[in-house]
Amino acid sequence: MEDVIEEGDRIGARFTYNGTFSKPFMGYRPNSAAVQLRSIDIWRVKDGKFVEHWDELNLLEVFQQIGAATVRKPEEQ
């Protein structure tokens with residue numbers, strides 16, 4: 001957990017997860033690549049319980065790290 005912010009009935013947090021690509025994932029074979037996933041989560045709290053949750057995951061970076069995606073720079077004109 002990198003950051004936590006609380007305001008009103010909302011709690012926001014930023015996370016970084018680290019691991020190794022060691023099991024098949026969405027049809028891709030593991031290659032022992034180091035993988036880092038970053039996320040931002042927001043929860044709404046009511047009566048001391050989480051009642052809603054939203055998150056944003058940076059999956060493009062994960063696919064790049066396991067060799068499943070590349071990003072090309074646009075060609076100069």
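These are my notebook entries on a predicted model of one protein chain.

**Entry 1: ground rules**

Before looking anything up, I noted that residues are numbered from 1 along each chain as its sequence is written, and that side-chain values use heavy atoms, with hydrogens and water left out. Because the model is predicted, local features need pLDDT of at least 70 and side-chain atom pairs count only at pLDDT 80 or more, while totals for chains, interfaces and linings use all residues.

**Entry 2: the overall layout**

I began with the elements and found one helix and four strands in the chain. Here helices (H or I, at least four residues) and strands (E, at least two) are DSSP runs, numbered from the N terminus. Read from the N terminus on, their order is β-β-β-β-α. The radius of gyration is 17 Å, well over the 11 Å that the globule rule gives for 77 residues, so the chain is more spread out than a compact globule. That radius is taken over C-alpha atoms, and the rule is 2.2 Å times the number of residues to the power 0.38. I also looked up the span of the C-alpha trace along its principal axes, which is about 50 × 40 × 20 Å.

**Entry 3: surface, burial and charge**

How much of the chain counts as buried? I found 16% of the 77 residues in that class; buried means under 20% relative accessible area, exposed over 50%, and partly exposed in between (1.4 Å probe, protein chains only). The accessible surface comes to about 6600 Å², and 50% of it belongs to carbon and sulfur atoms. Such areas come from the Shrake-Rupley method with a 1.4 Å probe, and for residues only the protein chains shown count as cover.

For charge, I noted 10 positive and 13 negative side chains, with the centres of the two sets 7 Å apart. Lys and Arg count as positive and Asp and Glu as negative, while His and the chain ends are not counted. Each charge is placed at NZ of Lys, CZ of Arg, CG of Asp or CD of Glu.

**Entry 4: the core and contacts**

Which residues make up the largest nonpolar core? I listed six: Phe21, Ala33, Val35, Val62, Phe63 and Ile66. A core of this kind is a set of buried Ala, Val, Leu, Ile, Met, Phe, Trp, Tyr and Cys residues joined through side-chain atoms within 4.5 Å. I followed up Ala33, which touches Gly19, Thr20, Phe21 and Gln65, not counting residues up to four places away in sequence. Contact means heavy atoms within 4.5 Å. Across the chain, 36% of the contacts with a separation of 6 or more are between residues 24 or more positions apart.

**Entry 5: two loops**

Next I went to the loop between strand 2 (10-20) and strand 3, where Ser32 has its place. Phi of Ser32 is near 65°, a positive value in a residue other than glycine. Ser32 counts as exposed because its relative accessibility is 57%.

The loop between strand 3 (34-46) and strand 4 (49-57) holds Gly48, and Asp47 lies in the loop between these strands as well. Phi of Asp47 is near 55°, again positive in a residue other than glycine. Asp47 is exposed, with a relative accessible area of 72%, and Gly48 counts as exposed at 71%. I also checked Gly48 against Tyr28: they are 20 residues apart in sequence and 41 Å apart in space, C-alpha to C-alpha.

I looked at Arg14 in strand 2, which is partly exposed with a relative accessible area of 37%. Leaving out residues up to four places away in sequence, Arg14 touches Met1, Glu2, Asp3, Ser39 and Ile40.

Strand 4 gave me Val51 and Asp55. Is Val51 buried, partly exposed or exposed? At 41% relative accessibility, Val51 counts as partly exposed. Beyond residues up to four places away in sequence, Val51 touches Arg44, Val45 and Lys46. Asp55 is partly exposed too, at 39%. Asp55 and Trp43 are 12 residues apart in sequence and 8.7 Å apart in space, C-alpha to C-alpha.
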